Amino acid sequence: MRTDNKKQNPKNQYRINEQIRVREVRIVDDNGSTVMPTKDALDLARQREEDLVEISPNANPPVCRIIDYSKFLYQQKKKAKELKSKQVKVEVKEIRFGPQTDDHDYNFKLKHAKEFLEEGNKVRAYVFFRGRSILFKEQGEVLLLRFANDLEEYGKVEQMPRLEGKKMFLFLAPKHAGQAKKSQQKMDRERREQEAADQLQQESVSQNDGLAGNAKGLDALVKLKEEMDGEE
């Protein structure tokens with residue numbers, strides 16, 4: 001049904017009928033498009049008892065459609081509502097570690113992190129250092145790098161491990177579907193990182209080695225980080 005211009009809300013983003021003051025317009029429909037004088041387009045809209053609606057005002061000439069304006073607005077509103085309902089709210093989930101997290105606890109938290117990333121959420125993993133454990137911050141860094149490796153198929157690193165006060169943070173974002181398989185270079189890097197992590201973990205158990213016992217693991221970590229930066 002043709003819409004009375006006087007009832008139109010001036011805040012509407014589309015110009016219709018006599019509000020369209022250009023000399024000619026391009027009419028598009030299911031059969032294609034036709035350029036015609038605006039007067040003829042208005043006459044055609046009246047014959048169909050519909051409205052001439054300007055869809056693309058910046059085109060040359062402006063693109064219009066002959067449709068029921070009220071129905072058109074309803075469809076636009078419905079599409080916007082459906083799009084909004086499909087949008088996933090991204091949340092940041094936290095995963096907390098100690099500098100000497102055991103394998104059972106590590107795997108438990110790894111499983112939850114995979115679920116968070118698969119649901120489209122981000123993950124903020126951090127290691128909390130109590131008292132003198134801050135002296136072993138490189139051990140926490142290795143743990144977070146291992147965590148990032150184990151989640152490589154599910155998430156991408158947004159921020160490498162960084163110490164802030166007594167906490168070292170790692171940020172991961174979910175990956176999109178259809179990611180490529182791991183390259184041989186990535187697989188080799190993962191293997192070297194795991195070896196460095198295992199070496200550091202074994203050396204940290206020995207109290208006699210102390211800080212000196214972590215030196216080899218730290219050197220390996222630094223070398224790995226340099227390789228990672230080079231690959232990027």
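Which side chain meets R162 in a salt bridge? The partner is E164, at 3.1 Å from N to O. A salt bridge here is a side-chain nitrogen of Lys or Arg within 4 Å of a carboxyl oxygen of Asp or Glu. The structure holds 11 of them.

This is a predicted model: local features need pLDDT of at least 70, side-chain atom pairs count only at pLDDT 80 or more, and totals for chains, interfaces and linings use all residues. Residues are numbered from 1 along each chain as its sequence is written, and side-chain values use heavy atoms, with hydrogens and water left out.

**R15 and E54**
- R15 pairs with E54, with the closest N and O atoms 2.9 Å apart.
- R15 lies in the segment before β1 (24-29) and E54 in strand β3 (residues 51-56), so the bridge ties together parts that are 39 residues apart in sequence.
- Strands are DSSP E runs of at least two residues, helices are H or I runs of at least four, and both are numbered from the N terminus.
- E54 is buried, at 4% relative accessibility.
- R15 is partly exposed, at 39%.
- Buried means under 20% relative accessible area, exposed over 50%, and partly exposed in between (1.4 Å probe, protein chains only).

- D43 bridges to R46, with the closest N and O atoms 3.0 Å apart.
- Both lie in helix α1 (residues 38-47), 3 residues apart, about one turn of the helix.
- D43 is partly exposed at 28%, and R46 is partly exposed at 36%.
- Salt bridges link E18, K39, D43 and R46 in a network.

**R162 and E164**
- R162 is partly exposed at 45%.
- E164 is partly exposed at 38%.
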